[in-house]
Amino acid sequence: MSDKNNLIVYCEYDEGRVADVSLELLTKGRQLADRLGVKLEALVIGDNLEGIEKQIFPYGADTVYKVEDRRLFPYTSNPHAAILIKLFREIEPQICLMGATCIGRDLGPRVSSCLHSGLTADCTALEIGDHKDPKTGKEYSELLYQIRPAFGGNIVATIVNPDCRPQMATVREGVMKKEIRNAEHKGEVINLDAKKYVDDTDFVVEIIDRHIEKSKVNIKNSPIIVAGGYGVGSKENFQLLFDLANTLGGEVGASRAAVDAGFIEHERQIGQTGVTVRPKLYIACGISGQIQHIAGMQESSIIISINNDPNAPINTIADYVITGEMEEIVPKLIKYYKKNSK
Amino acid sequence: MSLNIIVLAKQVPDTRNVGKDAMKEDGTINRAALPAIFNPEDLNALEQALRLKDANPGSTVTMLTMGLPRAAEVIREAIYRGADKGIVLTDRALGGADTLATSYSLAMAVKKIGDYDLILGGRQAIDGDTAQVGPQIAEKLGLPQVTYAEEIISAENGKVVIKRRLEHGVETVACPMPCVVTVNGSAAECRPRNAKRVMKYKRAVSTSEATKLSEAEAAIVAAHPELTIPEWGAAFVEADPAQIGLPGSPTKVKAIENVVFTAKESRRLDNNDGQIEELVKELIANHTIG
């Protein structure tokens, strides 16, 4: 027997816009809810939420729960957690999805700990399937398969929560695809009284100061990405990659190793612990190709690998492999592009 | 004001540097090829604790780790760098725990330690990258949490002021103590070992390591209580057997697969002007660029 409880997505928003990661999860949530034959619900918590449902309904949500209070924006852990805990006890969702963002990764564990529900972080795929407990032989139908890399990305594990509800999972931005289901779709809006869900004593953390900058980096949506790895060797050499990216009208990305080495900022990290990208062209410079990086860029249409190691693992998934020193090859690409374009 | 600080640390396989020899021929992981290290962000947390200790004389920094008995290595390392003491929570019954069962076990050990103002830990461990244990411990202990901390600016008058590093900016928050703080890798690097402390604590051993010492060495350890790193078991911290280890874990691993990527047929080019120009022309012709 499978439960007919619904699937809920915790939606983040800022400056009146629902976050992309939440819309991506609504898209995935709709598919999973259809598969299970249940409703897709969304929850938005904050301030000034008027009309926010208009951004959510096109993704197929049947219900949007709204909890408004001036103190609920910007996000702090305890008040948002208190609302989820109380609401989930009432509506008993079978699945809860949230973004693997600073907010989702702060909120999810707190809620799952209180509900003893189990949570899988940073899933790269979500599916519905059956499960048989290998020890007890007990069979479960229609569980959420929470598929995620583990061990630094060297293995992929499928996790299930057989007995506890909700089955909770977080997913990074860009991993799922955002797709409008029906621009005309309208569902039900349920306004919840904040006072019934959150106590004054929950507001323990005080935000003294907050500087949120609109990200200048937009690698996720760039059609061309020039990415550098540890093999680029220095911050200075990364300038070459910026030159190439600027010439081609693309963005610069990086592997974790390059970010860890301090060559470039974390915002540009591509891979399981960074952003997932699917550009038209991906030029990998000095990237050996650890699994955790490849997982974040393998769906690129064309991959060029520039590496002085002819046996770099990334070469196996590249369409073009240029063997040699990146410091020499990148300027040549710039030169011949300038010569041949127009 | 002196503070009692607990720092949570984990011994992890170094998954960041998985070289070719780390994968066996059959595609499984050769764990022996991965050194066990101090989880990097836990070192960032230790540094924040040591700075608070420097600024608040009389403070103590107590390390707590859960793992195999050999995790005493991270306690020793932390003591060499300035921590006062440490405890290894180790028990077969704790094995196979998911993050929730781990958090419960660590929360019970924290309760056993008893007196604390701050609990610090790294944002996440590199073997799982989940970032769940910190917030879950906070919830289990009924404490507020501050995640993604980059700098603990002050801890006074019962409040800790913290700069947080978020995806697109920074936030400064004030939180009443006691609380749980998880520290980001972007925080200050941990100070190195202190030579005097290495001399003083080079014989520090866990209870199980002590059984392997020679009689003379054992006598020295016995005469200096600060050289013993206690090992605590599940029963000692009064953990409910139903909430620890595999039975206490709501999440189960259904399957594990090695990651295999489909290899493409690549075109190989050399660092040769003619070939590179041909490639660029081709990409322009098929509208990939330009």
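Modeller: The centres of domain 1 and domain 2 of chain A, taken over C-alpha atoms, are separated by 34 Å. This is a predicted model, in which local features need pLDDT of at least 70 and side-chain atom pairs count only at pLDDT 80 or more, while totals for chains, interfaces and linings use all residues. Residues are numbered from 1 along each chain as its sequence is written, and chains are lettered from A and ligands numbered from 1 in the order in which they are written.

In chain A, domain 1 covers 7-202 and domain 2 covers 224-340; such bounds come from an automatic or database domain assignment. Ten residues of domain 1 of chain A are in contact with eight residues of domain 2 of chain A (two residues are in contact if their C-beta atoms, placed from the backbone, lie within 7 Å). On the side of domain 1 that touches domain 2, two residues are nonpolar, five polar and three charged. Here Ala, Val, Leu, Ile, Met, Phe, Trp, Tyr, Cys and Pro count as nonpolar, Asp, Glu, Lys and Arg as charged, and the others, Gly among them, as polar.

Chain A also touches chain B: 76 residues of chain A are in contact with 64 residues of chain B. The side of chain A that touches chain B holds 35 nonpolar, 26 polar and 15 charged residues.

Helices (H or I, at least four residues) and strands (E, at least two) are DSSP runs, numbered from the N terminus, and two strands pair if DSSP finds at least two bridges between them. Axes are lines fitted to C-alpha atoms, for helices over the stretch in contact, and angles run from 0 to 180 degrees between N-to-C directions.

Within this sheet, S17 (residues 302-307) and S18 of chain A are joined in the parallel sense by four bridges, and Ile304(A) stands opposite Tyr320(A) in S18(A). S18 (residues 320-323) of chain A then runs parallel to S15 (residues 267-270) of chain B, with four bridges between them; Ile322(A) stands opposite Leu269(B) there.

Finally, the axes of helices H6 (residues 235-248) and H9 (residues 326-340) of chain A come within 10 Å and cross at roughly 20°. H6(A) and H9(A) are therefore roughly parallel to each other; angles under 35 degrees count as roughly parallel, over 145 as roughly antiparallel, 65 to 115 as roughly perpendicular and the rest as oblique. Their crossing is left-handed, a term used if the near helix is turned anticlockwise from the far one by less than a right angle, with right-handed used if clockwise. Among the residues making the contact are Leu240(A) and Leu244(A) of H6(A) and Val330(A) and Ile334(A) of H9(A). By class, this contact has nine nonpolar, two polar and three charged residues.
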